[in-house]
Amino acid sequence: MEAAVFVFSLLDCCALIFLSVYFIITLSDLECDYINARSCCSKLNKWVIPELVGHTTVTVLMLISLHWFIFLLNLPVATWNIYRFIMVPSGNMGVFDPTEIHNRGQLKSHMKEAMIKLGFHLLCFFMYLYSMILALIND
């Protein structure tokens, strides 16, 4: 059972890593004016909910399987994703809004957030891999 939890977490983490890289590439394309703000934001907003669901699922799975350290490590990022999704102002297109993405350095903050998430997911990937190997050895 424990090995299955970490196999699922590892696969989910791989998807979140690819999603973080996609966010970074799309935001850098906007920064270099390869795409316009509207198409960039519509592309990114499509993936906000799957990212939220993927990360929250792993966090809840770690809580249910009583892996407290990993749960507490994932909790702030999951909480931030939920907070960011809930606090979208009315009238905005989503978390990424084309009318505001160039204002007040939001593009830089979105880029920094995507880089931090990429680093976090890479750290989690190796933790899940190590835990999966331990679980397979112990079973």
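When I say helix or strand, I mean DSSP runs, numbered from the N terminus, with at least four residues of H or I for a helix and at least two of E for a strand.

Before we go on, a word about what we're looking at. This is a predicted model, so local features need pLDDT of at least 70 and side-chain atom pairs count only at pLDDT 80 or more, while totals for chains, interfaces and linings use all residues. Residues are numbered from 1 along each chain as its sequence is written, and side-chain values use heavy atoms, with hydrogens and water left out.

Okay, overall picture. Along the principal axes, the C-alpha atoms fill a box of roughly 55 × 30 × 20 Å. The protein has 139 residues, and 44% of them count as buried. Buried here is under 20% relative accessible area, exposed is over 50%, and partly exposed is in between, using a 1.4 Å probe and protein chains only.

Now, what does UniProt list for this protein as "transmembrane region"? The unreviewed entry gives residues 5-25, 60-83 and 118-137. Keep in mind that positions are in the numbering used here, feature names are shortened, and annotations may be inferred rather than shown by experiment. Let's look at two of those spans in the model. Residues 5-25 are 100% helix and 0% strand, with the end C-alpha atoms 30 Å apart. Residues 60-83 come out at 88% helix and 0% strand, and there the end C-alpha atoms are 16 Å apart.

On to the salt bridges. The definition is a side-chain nitrogen of Lys or Arg within 4 Å of a carboxyl oxygen of Asp or Glu. How many does the structure hold? Five. Let me walk you through some of them.

One joins Glu31 and Lys108, at 2.6 Å from N to O. Glu31 sits in helix H1 (residues 2-31) and Lys108 in helix H5, so this pair links distant parts of the chain, 77 residues apart. Glu31 is partly exposed at 36% relative accessible area, and Lys108 counts as exposed at 54%.

Another is Lys117 with Glu51, where the closest N and O atoms are 3.0 Å apart. Because Lys117 lies in helix H5 and Glu51 in helix H3 (residues 48-64), the pair ties together parts that are 66 residues apart in sequence. Buried or exposed, these two? Lys117 is buried, at 8%, and Glu51 counts as buried as well, at 4%.

Lys117 also meets Glu113 in a salt bridge, at 3.3 Å from N to O. Why are these two about one helical turn apart? Because they're four residues apart in helix H5. Glu113 counts as buried too, with 15% relative accessibility. And here's the bit to look for on screen: salt bridges that share partners join Glu51, Arg84, Glu113 and Lys117 into one network.

In detail, we use a 1 Å grid over the protein atoms alone, and a pocket is an open set of points where a 1.4 Å probe fits, with protein on both sides within 12 Å along at least five of seven lines; lining residues have an atom within 4 Å of a point.

The largest pocket holds about 300 Å³ of space; that volume is the space filled by probe spheres set on the points, which are joined across faces, edges and corners. The largest share, four residues, comes from H5.

Last stop, aromatic pairs. The structure holds four of them. Trp68 and Phe71 form an edge-to-face one, 6.3 Å centre to centre with 85° between the planes. For the cut-offs: rings of Phe, Tyr and Trp (its six-membered ring) pair if their centres lie within 6.5 Å, and planes under 30 degrees apart are stacked, over 60 edge-to-face, the rest tilted. Trp68 is partly exposed at 47%, whereas Phe71 is buried at 13%.
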